[in-house]
Amino acid sequence: MTNFPIDKIRRDFPILQRKVNGKPLVYLDNAATSQTPKQVIDCIVEYYSLYNANIHRGVHTLSQEATDAYEAAREKIRVHFNAKHREEIIFTSGTTEGINLVAHGFSKRLKKGDEVVVSALEHHSNIVPWQMMCEETGAKLRVLPMLPNGELDMNAYADLVNANTKLVFVNHISNALGTINPIKQIIEKAKTVGAAVLIDGAQAAPHIKADVQALDVDFYVVSAHKMCGPTGVGVLYGKKTWLEKLHPYQGGGEMIDQVSFEQTTYAGLPHKFEAGTPNICGGIAFGAAIDYMNTIGFEDIAQYEHDLLEKATQALLEIDGLKIYGTAKEKTSVISFNIEGTHPYDIGTIVDKLGIAVRTGHHCAQPIMDYYKIPGTVRASFAFYNTFEEVEALVQAVKKAKQMLL
Amino acid sequence: MNTIKEIQEEIVDEFSMFDDWMQRYEYMIELGKSLPLIEEQYKTDDYKIKGCQSQVWVHADFQEGKVVFTADSDAIITKGIIALLVRSFSHQKSEDIIAADTKFIDEIGLKEHLSPTRANGLVSMIKQLKMYAIAYQAKANN
């Protein structure tokens with residue numbers, strides 16, 4: 001891709017100017033958290049400088065301005081994910097809270113004999129809440145297995161789903177391997193038995209614009225900090241019909257209609273699930289992040305990142321003894337790898353000394369590491385503000401690390 | 001046998017010869033490779049210190065009033081640091097091990113590896129070395 005405005009984009013990210021260990025920072029840990037453009041930083045500064053106030057209950061000007069900005073952000077997010085109703089967009093503290101909120105709601109609805117399906121590619125945050133829910137309800141947790149190339153075994157899925165299946169949980173993109181899962185197909189199959197589907201979109205949101213109506217998904221969860229927004233804020237999309245049925249997750253202010261010591265009636269959506277003062281600035285900045293990414297355009301982002309992935313994959317595979325885990329046909333710009341005879345921690349430590357930030361370890365996805373019988377991997381994950389020179393810097397650093405270690 | 005302090009000073013001295021981080025790390029990697037491996041029978045979960053990033057195995061013996069440590073790790077840089085820790089703490093008296101510190105790791109520019117947030121098992125390993133020393137001291141006093 002030749003006309004991608006990479007120089008202009010890089011100027012938007014102040015952090016990309018800094019040095020680490022005396023070397024220019026090469027930030028390749030984007031799957032863990034993305035960096036923040038000045039447009040979003042400015043939005044945060046503006047909020048605290050001009051209209052910081054509590055929302056939804058003040059009659060004064062600042063409170064009104066903050067409320068308007070917060071609700072405008074909700075609307076931006078609704079439009080971005082193409083939800084039908086604004087009250088289907090619930091602000092959360094992030095993907096993990098979104099998942100826990102749904103798991104909590106379902107723990108009141110499931111019984112012994114019910115089954116829930118979770119994929120083998122999940123992050124711990126999409127395994128543990130369901131295990132807890134199953135323990136509580138007696139429902140059975142069934143695992144949709146993976147194939148050696150990091151794709152899900154869709155033949156096995158067809159056999160797993162049955163009349164007892166009540167819920168299916170799969171991530172849109174695997175954080176450890178980058179596999180893009182066939183969620184449309186997964187949702188369609190689940191619908192044939194009336195099961196609800198939750199898609200963990202944390203890794204997908206920075207790369208793919210999901211259309212929740214076209215997908216006909218019941219729940220879709222994301223975090224702002226993976227897509228140029230701040231940490232501590234995210235969104236749960238839920239179909240209105242489901243959100244109305246689910247029990248509130250937390251009690252507190254904002255989420256009530258009438259309170260007496262005898263009885264409390266809950267507020268309508270979305271406030272029923274938004275107890276207490278939310279991360280107001282975070283929500284507003286999330287809206288600014290979505291604006292920023294849409295200005296660049298998700299199609300261009302996907303194309304550019306794909307080019308980075310191709311180049312990095314090719315160059316890394318030229319290193320003798322280097323093995324890439326996760327070679328699905330459809331994958332995002334994540335490369336998980338090891339070098340024979342070395343430990344990922346050692347590679348990560350040395351490349352950090354060379355200014356390159358990668359993630360090492362099990363990436364909160366121990367079942368995947370167990371599947372490959374490895375302690376972990378080195379994971380380089382690219383964003384649209386990374387460059388081809390940075391890909392080259394990674395390759396050189398990995399070569400250097402290998403030379404030092406072997 | 002030199003005291004823990006003397007050994008640590010010796011290590012600091014050795015590291016002062018290096019000009020940059022790369023030489024320091026190359027030396028550590030060499031140390032990691034030359035560390036006498038823990039006996040296979042002790043490389044089990046009972047002797048394992050779990051770290052999120054790398055794992056460490058430690059075993060202690062009491063010989064002629066001294067505590068003798070052997071240790072291993074699946075990551076070589078972690079193992080290099082273990083080699084330095086074992087060199088300074090092993091074959092020492094329990095009370096000296098309990099009283100000793102690990103400031104020399106800071107002085108040789110490897111501080112970041114002993115950060116509790118690094119999750120490489122080293123912080124727990126140092127605690128474990130001291131626990132062994134405390135246990136042997138209690139045993140000796142009985």
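This is a predicted model: local features need pLDDT of at least 70, side-chain atom pairs count only at pLDDT 80 or more; totals for chains, interfaces and linings use all residues.
Across the interface of domain 1 and domain 2 of chain A, the rule finds one salt bridge, together with 15 residue pairs in polar contact, both residues being at pLDDT 80 or more. A polar contact is a pair of N or O atoms within 3.5 Å, where, within protein, one must be able to donate a hydrogen and the other to accept it, and residues adjacent in sequence count only if both atoms are side-chain atoms.

On the side of domain 1 that touches domain 2, helix H11 (298-317), strand E14 (334-339) and helix H13 (366-372) of chain A each give two or more residues, helices (H or I, at least four residues) and strands (E, at least two) being DSSP runs numbered from the N terminus. H13(A) gives the most to this side, with six residues.

According to an automatic or database domain assignment, domain 1 of chain A covers 6-30 + 298-405 and domain 2 covers 41-295.

Residues are numbered from 1 along each chain as its sequence is written, and chains are lettered from A in the order in which they are written. Local features need pLDDT of at least 70, and side-chain values use heavy atoms, with hydrogens and water left out.

Methods. A salt bridge is a side-chain nitrogen of Lys or Arg within 4 Å of a carboxyl oxygen of Asp or Glu.
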